[in-house]
Structures are given as structure tokens and as C-alpha cells.
Amino acid sequence: MDQPDSLELAEATAAEGTGGTREFLRLKGTNNPIRFAGFLSELKLAVPWGHIAVKVWGLQKNPPVLCLHGWLDNANSFDKLIPFLPKDFCYVAMDFGGHGLSTHYSPGLPYYHHNFVSEVRRVASAFKWTRLSLLGHSFGGAVGGLFACMFPEMVDKLILLDSTPLLMDLNEVENIMTYRRKNIERTLKVEDSQKPPGIFSPEEMLQELLTKNSHLNEDCGELLLQRGTTKVAEGLVLNRDQRLSWPQYSFDFVGKELTMHSLRRLQASVLIIKALDGYYDVRRENDLNKESFLLMLDMLRSTLKERFQFVEIPGNHYIHMNKPQIVADIIRSFLQGPPRTTPSRL
């Protein structure tokens, strides 16, 4: 595959502790095919506001699987899972804007759901992909699902880890203006405060993360912080944009009618791996949340029929990090299954 002009190639260097340095080699205007010397490489993809950082496992000539992390996580979310997946694919894990090593959005530009969907399209364009599969955890699954509905001809397979392809809110009409108002208010509040990011010791940073997310164990928390923090003289600071706060105020929730219309556009085969003690079982307002989830499953079964698979396994929301081999066994058979046969038209 020719190297797109917008890519910056970097051989991954061993990080020296949390937030270790990385060296990047810029390759511009070359048409030479890329061959990765190692299994893992790092890339920067140029975008108008800076760059999108990605990690690449395997050769770009292989069928691509784009991996999308959850809210406030980063590309390291897939470090434990990908080594167990089939080696005849090229896995690309991206940091969404404002997360991990990707550039923050420009001042005054808020983070909306469709912005992240646009980032997926930018990554596909940078690699010159016309077809790809998507693997998304949590919010990353909702981003990938919306992309698959908007660009159905591009997506072969959609794998959702404790997630759904769309965020359905049965009270969407009542709630949507509240969500959007609070997104604006929260963004302005953070911008007005100009509060510098907090500095913590590695131990304090890890404890803070684990306290806020009981589904992460210490090992997985340390892995996310390796990419999610930067070392300074006094300790560690979080890399993520401070404007990223309450996720529900940045999400695009849709009602039942639009959900059904969107799912009819899907041409991909869809696999949902649900953790028995995951997001849909621990979130507050469980009854309404579960009702939306069950309705979504019914819609997927009736619309996609044999193109839809649903698997429940023991574990929590970070099942792909806590029990990667079990998750990989399910994904492997799905990825290596029959290719998409749906005609590439809307």
C-alpha cells in the first residue's frame, strides 16, 4: 500500500516509565510501500487541528480492523486483546481527539459525538481504506456503529464490546435539549476557569483512576495511564482535554424511530459481546437503560437476521482488558467468518 502524504510514521520506542518519550519520523510525499520492522508501530495522522495518534499491529497490506476505545480511555485499551487476535489482519487503534496522544480540539470547539465519527472517516482516508472492520469498546462502539450507519458501504464487520451501535434514549425528545445545553455550559465553564491540570504522583493518579472506575484492575489502570499521562517534574498530568467531562452531554442520543431507520442502513455483520456485569447492568437508572438495550437487541435481530450475533460472557465493562483471551476467541471466529455479501449500495 502506498504511504499517504498525511501520515507520519514512527517506530515505537520503549517508553521510559509512565508517559515516556516517543520519537517520530516524518515521511511526506513518498509513494514507497511501508513495511513494518516490528509488530507494533506508532503513527501520527495529520488533521487540521493537529494530529490523530494511532498504534498499528501488523502489515498495512492485510485487511484493516480499526479499534475504537471508550470514553476517557485511549488506544492502550486494546494492548491486551490484539495479541490474541488473528495475525492476518492489520489492527489500528486510534486515540480520539482530546484523548491519549492525539491533539486536543482547538479552543472554542466542543467535543460532539459526530466529531468522533468524522475522525474515523479521516483515519480511513489517511490509510486509503475503502472497506474496513470496526472494533469498538463502550463509547467507541457507539462511534463505530454510527459510522457504519452513515457509511454502510465501507464497513464489513462491526464488533461491539459491551456497547450498542447507537445510543438510544426512549425519552430522547425530552432529554436532547438538556444534554446539548449542558454540553455548552460545561465547555464554557472549563474554558473560563483556565484551571491548570492537576499534578499527581503515579500512585495518586492510579488510585484516582481506580476509585472512579471500579471495573479496572491495577494492571489495566497502569496500562491506560502509560498513554494517558505525561511526566512532569512534580509528577504526572493527564493528557486528556479538560473539556471532556460528562460523556452523556457529548453523545448523540436517538429515539426509537431514528434507531430503526439507521439500523436498516447497516450492511455490516454485527457482533455484540456483552459483559454480564457490564455497563448495562451497573449504570444508574437501570430499568430504563435495560429497556432501551433489550429493545435495541430486538431491532438488530429483526433487521440483520443472520448477520447479527450476540454473546454474553462473565465479566465487567472492561472484559476485553481483564479477560482478553476469552474475548479474542469469540472475535476470532467472527472475523474469520464469511465475508459480507450485502450489495454495496444504500
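1. Helix α2 buries Phe139, Gly140, Gly141, Ala142, Val143, Gly144, Gly145, Leu146, Phe147, Ala148 and Cys149. Because 11 of its 12 residues are buried, α2 is largely enclosed by the rest of the structure. The model under discussion is a predicted one.

2. The surroundings of α2 can be listed by element. Its buried residues pack against the strands β5 (64-68), β7 (132-137), β8 (155-161) and β9 (167-168), and against the helices α1 and α6 (256-263). As to its dimensions, α2 runs over residues 139-150 and spans 17 Å from its first C-alpha to its last, close to the 16 Å expected at 1.5 Å a residue.

3. Helix α4 (residues 202-212) may be considered next. Its buried residues are Met205, Leu206 and Leu210. Viewed down the axis of α4, the buried residues fall within an arc of 125°, and therefore they line one face of the helix. An α-helix has 3.6 residues a turn, so residues three or four places apart point the same way. Thr211 and Lys212, on the other side of α4, are exposed. The packing partners of the buried residues of α4 are α5, β10 (229-232) and β11 (235-238).

4. How many cavities of 30 Å³ or more does a search of the whole structure find? The search returns 3.

5. The lining of the largest cavity is formed by Leu72, Asp73, Asn74, His99, Gly100, Leu209, Leu224, Leu225, Gly228, Leu238, Asn239 and Arg240. Which helix gives the most to this lining? It is α5 (residues 218-228), with 3 residues. By class, the lining of the largest cavity comprises 5 nonpolar, 5 polar and 2 charged residues.

6. The second largest cavity is lined by 12 residues; those that lie nearest its centre are Asn183, Thr187, Arg243, Ser245 and Ser250. The lining of this second cavity divides into 6 nonpolar, 4 polar and 2 charged residues.

7. His99, one of the residues lining the largest cavity, is placed in the loop between β6 (90-94) and α1 (113-127). Is His99 buried or exposed? His99 counts as buried because its relative accessibility is 1%. Residues up to four places away in sequence being left out, His99 touches His69, Trp71, Leu72, Asp73, Phe116, Arg240 and Leu244. Leu72, Asp73 and Arg240, which are among these contacts, also belong to the lining of the largest cavity.

8. Gln309 lies in strand β14 (residues 308-316). With a relative accessible area of 38%, Gln309 is partly exposed. Apart from neighbours within four places in sequence, Gln309 is in contact with Val270, Leu271, Ile272 and Phe334. The C-alpha atoms of Gln309 and Ser269 are separated by 8.2 Å, although the two residues are 40 residues apart along the chain.

9. For the chain as a whole, there are 10 helices and 14 strands. Of its 346 residues, 53% count as buried. Among contacts between residues at least 6 apart in sequence, 75% join residues at least 24 apart.

Note on methods. Residues are numbered from 1 along each chain as its sequence is written. This is a predicted model: local features need pLDDT of at least 70, side-chain atom pairs count only at pLDDT 80 or more; totals for chains, interfaces and linings use all residues. Side-chain values use heavy atoms; hydrogens and water are left out. Helices (H or I, at least four residues) and strands (E, at least two) are DSSP runs, numbered from the N terminus. Buried means under 20% relative accessible area, exposed over 50%, partly exposed in between (1.4 Å probe, protein chains only). Contact means heavy atoms within 4.5 Å. On a 1 Å grid over the protein atoms alone, a cavity is a set of points where a 1.4 Å probe fits but cannot get out, and a pocket is an open set with protein on both sides within 12 Å along at least five of seven lines; lining residues have an atom within 4 Å of a point. Grid points are joined across faces, edges and corners, and a volume is the space filled by probe spheres set on the points. Ala, Val, Leu, Ile, Met, Phe, Trp, Tyr, Cys and Pro count as nonpolar, Asp, Glu, Lys and Arg as charged, and the others, Gly among them, as polar. The arc is that of the directions from the helix axis to the C-beta atoms. The expected span of a helix is 1.5 Å times one less than its number of residues.
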